[in-house]
Amino acid sequence: MYNPIFEKEKFKREVTNNVKTLFRKSVEEATPQQLFQAVSYAIKEVIIDDWIATQKAYNEQDPKIVYYMSMEFLMGRALGNNLINMTAYKEVAEALDEMGIDLNTIEDEEPDAALGNGGLGRLAACFLDSLATLGYAAYGCGIRYRYGMFKQKIEDGYQIETPDNWLKNGNPFELRRPEYAREVRFGGNIRVEYDEVGKTHFVQEHYESVRAVPYDMPIVGYNNHMVNTLRIWDAEPIVDFQLDEFDRGDYHKAVEQENLAKNIVEVLYPNDNHYAGKELRLKQQYFFISASIQQAVAKYKTTHDDIHKLPEKVTFQMNDTHPTVAVAELMRILLDEEGLGWNEAWEITTHTCAYTNHTIMAEALEKWPIDLFSRLLPRVYQIIQEIDRRFVEQIRHQYPGDEGKVKRMAILMDGQVKMAHLAIVAGYSVNGVAALHTEILKKQELRDFYEMMPSKFNNKTNGITQRRFLMHGNPLLADWVTDKLGTKDWITDLSLMDGLKEWADDGEALQEFMSIKYKNKERLAQYILEHNGIEIDPRSIFDVQVKRLHEYKRQLLNILHVMYLYNQIKEHPEKSFYPRTFIFGAKASAGYIRAKQIIKLINSVADVVNNDRSINGKLKVVFIEDYRVSNAELLFAGADVSEQISTASKEASGTGNMKFMLNGAPTLGTMDGANVEIVQEVGIENAFIFGLSSDEVISYEQNGGYNPVDIYNSDHEIRRVVDQLVDGTYGYGNREMYRDLYNSLLNTKSSSRADMYFILKDFRAYAEAQEKVEAAYRDRDRWARMALLNTASCGKFSSDRTIEEYVKDIWHLDKLTVEV
Ligand code: F55
């Protein structure tokens, strides 16, 4: 127990006392939820001291601070993770056990903080964990959504969304900080004024405004007393403290401001890799950005008097384009509030803001209609106009006569504000999230920009935190790793996992490794029985695809292959077939019809296959309801095979792939995103790689696609599966249920191209790779070796490594030490 403040008896008394003061109950009388609250407050008590000590270290050591600006932080649960990082998990479990309380049960009472959609949001959460663990000063800046990612129910095979009221029992770890509230203004118009010395002033009038109130969540570093802050902003009406004399009686205005405040932070937009262009979304963006930048500048000014040196102490990392309005907001503050001239303000801004790109999917690019943008953010828009004017001038100067460049690169074009262009022009760094992705950005999507400013571009391959995804999610394997390596140092230095390679040919070690996997499969099977009512056999191959539902991720390829296997088993019952369990977990954006059809199809196939006694349980299909961070931890630990089958070039990186690898599940995947680097690390013989390369995909795309009908006509097994979408096999006799999916594969009319994501093109290669999986699995020793080598080769994929690269190449932060 590192923390001297934590003493078992004191902790037990604290919990007992919390139950009493919070709920007027005894420990025996309290509900599990009440015990969760009582335990969490007792833990917070310990965290607070380190949090204070960390602030003191900030003040004394004056380090450079990174502000990680993100619309999403997919934190998951805090209690277990905090205990892990305080190195108090086992002690607390023991103390609670003595009180007759089961820590696991208590942990299950905590709602996931699901303030994110998927990879992008979870990456932000892993980064905060690594920043605190490595001793860097950092704030996560985001929105305190009243409702996070929706809860998914499956009814009759269909996805039903229900609100995620994650705050309904309160959030024991957060702190409201009204003393740091800020005003954020929307709309109105800009009046230009000249003062006595002829200086211009831009005055926003007739605007609406809200009060941004921060809530702080502690981010506990591993075993180092460092506690950083995730600052998420809530919106409150400004009426009661700001309306001036004239407006005080304006009831109408009061109601409007109340509504504005309520609406802004109401809900997370549940779109993953898709831009919807909603006004409220832009309000959310500006709301948290304005509040965060105001606060960061104010904090800087409390201890520094030269604003020109801001870049020495502050850096804003923009998590995709969603926070990009930050560059204009910083300009506004420097120009209008600090009174700087354009050039000095621009110099500061372009040394303070940096941008991470997470996608090349065209439909994800943010392009705001100018009329909407300028109406909502009139002053910010003026500033962007000026940024654009100067940038276009620069293009014309550098590429005289090349108006094509101007059209392709301008920030304001065709009535739109192109946020990626703004981020690249104003940012001092532009990074992709995996080597392949960054190359595609440089050579294709952002080619003009790369040519013009090559030194800004860099790669930062994503990573994940081993504290949550091994220590917490897979304690058995974590202990085994510690035992085999003879050290716990891998917890903060994942490259040490390499030392496990020594055991790759040790029969006993392999046996232990596989028996841990088996126990995790039993745990997962238990979860599935409890939550899905489906019994699965832990001896079967657990083949897992969990991620957001998106056509490019090709869950459809996976389920079509299951249909194909089912046909095979039915047709050749005599053939030996290794039992398999295909596990899916995925949320579809509420408005993404085709994604929802795929969910329904998976559930229909599950229904048919799981209830067909003639196949003797050789095949099972499970759709995990409400896939989220907390159950993901169980899924990674219990998986045999990691499905990473996106159309090559489409998945920027992927991070689930890394979590499976860490937990000893080989990748069945395409050469896409970080899969490429996984294969590099583990060796292609320890993965199952198939399908078109990204170059091939891109080249087909540039030539108008390919013709799936040829494949349909020439491969009768594929044809049969595709036909089964419309012959009632999985539609309970209804032939129309999956007509759209059928059309999407074959008909040019139904989508801009037939089979946009090359599903039929890659089908055979995928089926063959699946055969190799089966063959490899039958050879128990070979499989064990492969699985172990995956765990042993995952060192590169720690977010600690990623963060160190950001620090070295982009942020240039100082390391802090916290004394207690
Ligand atoms: C959410 C909202 C919008 Cl408007 C656009 C995109 C998203 C989103 O969730 N994107 C996302 O998750 N992107 C993913 O980022 C991961 C982290 O870098 C990558 O691993 C993954 O490949 C990428 O799809």
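Is alanine 754 buried or exposed, and at what relative accessibility? At 8% relative accessibility, alanine 754 counts as buried. Buried here means under 20% relative accessible area, exposed means over 50%, and partly exposed is in between, with a 1.4 Å probe and protein chains only.

Before going on, a note on the model. It is predicted, so local features need pLDDT of at least 70 and side-chain atom pairs count only at pLDDT 80 or more, while totals for chains, interfaces and linings use all residues. Residues are numbered from 1 along each chain as its sequence is written, and side-chain values use heavy atoms, with hydrogens and water left out.

Back to alanine 754. It sits in the loop between helix 30 (739-746) and helix 31 (759-778). Helices (H or I, at least four residues) and strands (E, at least two) are DSSP runs, numbered from the N terminus. Leaving aside residues up to four places away in sequence, alanine 754 touches Pro708, Ser744, Leu745, Leu746, Asn747 and Thr748; contact means heavy atoms within 4.5 Å. Asparagine 707 is 47 residues apart from alanine 754 along the chain, and their C-alpha atoms are separated by 7.4 Å.

Next, the domains. The assignment gives domain 1 (1-61 + 78-111), domain 2 (62-77 + 117-462) and domain 3 (466-698 + 757-797). Such bounds come from an automatic or database domain assignment. Taken over C-alpha atoms, the centres of domain 2 and domain 3 are separated by 36 Å. Between these two, 43 residues of domain 2 are in contact with 44 residues of domain 3.

The size of an interface is often given as the accessible area lost when the parts come together. For domain 2 and domain 3 the buried area is about 3,400 Å², and carbon and sulfur atoms give 55% of it. Gln152, Tyr222 and Leu436 supply 18% of the area that domain 2 buries against domain 3, more than any other three residues. Buried area is the accessible area (1.4 Å probe) that two parts lose on being put together, summed over both.

Now the sheets. Strands of a sheet pair through backbone hydrogen bonds, either parallel or antiparallel. Two strands count as paired if DSSP finds at least two bridges between them.

Six strands form an open sheet with parallel pairing, in the order 22-21-20-23-24-25. Strand 22 (619-624) and strand 25 (688-689) stand at the edges with a single partner strand each, so one side of each is left without a neighbour in the sheet. Inside this sheet, strand 20 (residues 541-546) and strand 21 (residues 580-585) are joined by six bridges and run parallel. Isoleucine 541 stands opposite arginine 580 in strand 21.

Another open sheet has three strands, in the order 15-17-16, with antiparallel pairing. Its edge strands are strand 15 (367-369) and strand 16 (412-413), each pairing on one side only. Three bridges join strand 15 to strand 17 (residues 416-418), and glutamine 416 in strand 17 is the bridge partner of proline 369.

Strand 13 (residues 314-319) is mostly covered, with six of its six residues buried. In a regular strand the side chains alternate between the two faces of the sheet. From strand 13, Val314, Phe316 and Met318 point one way, and Thr315, Gln317 and Asn319 the other way. Strand 1 (residues 65-69) runs parallel to strand 13 and is joined to it by five bridges; valine 66 has threonine 315 as its bridge partner. Strand 13 also pairs in the parallel sense with strand 14 (residues 353-356), over four bridges. There, phenylalanine 316 stands opposite cysteine 353.

Which residue does UniProt list for "modified residue: N6-(pyridoxal phosphate)lysine"? The unreviewed UniProt entry lists Lys659. UniProt positions are given in the numbering used here, feature names are shortened, and annotations may be inferred rather than shown by experiment. Lysine 659 lies in helix 25 (residues 656-662) and is buried, with a relative accessible area of 6%. Beyond residues up to four places away in sequence, lysine 659 touches Arg122, Ile464, Phe469 and Phe636.

Phe636 is among the buried residues of helix 24. In helix 24 (residues 629-638), 10 of the 10 residues are buried, so this helix is largely enclosed by the rest of the structure.

Last, aspartate 800. This residue is found in helix 33 (residues 799-811) and counts as buried, at 6% relative accessibility. Its contacts, not counting residues up to four places away in sequence, include Ser130, Leu134 and Arg467.
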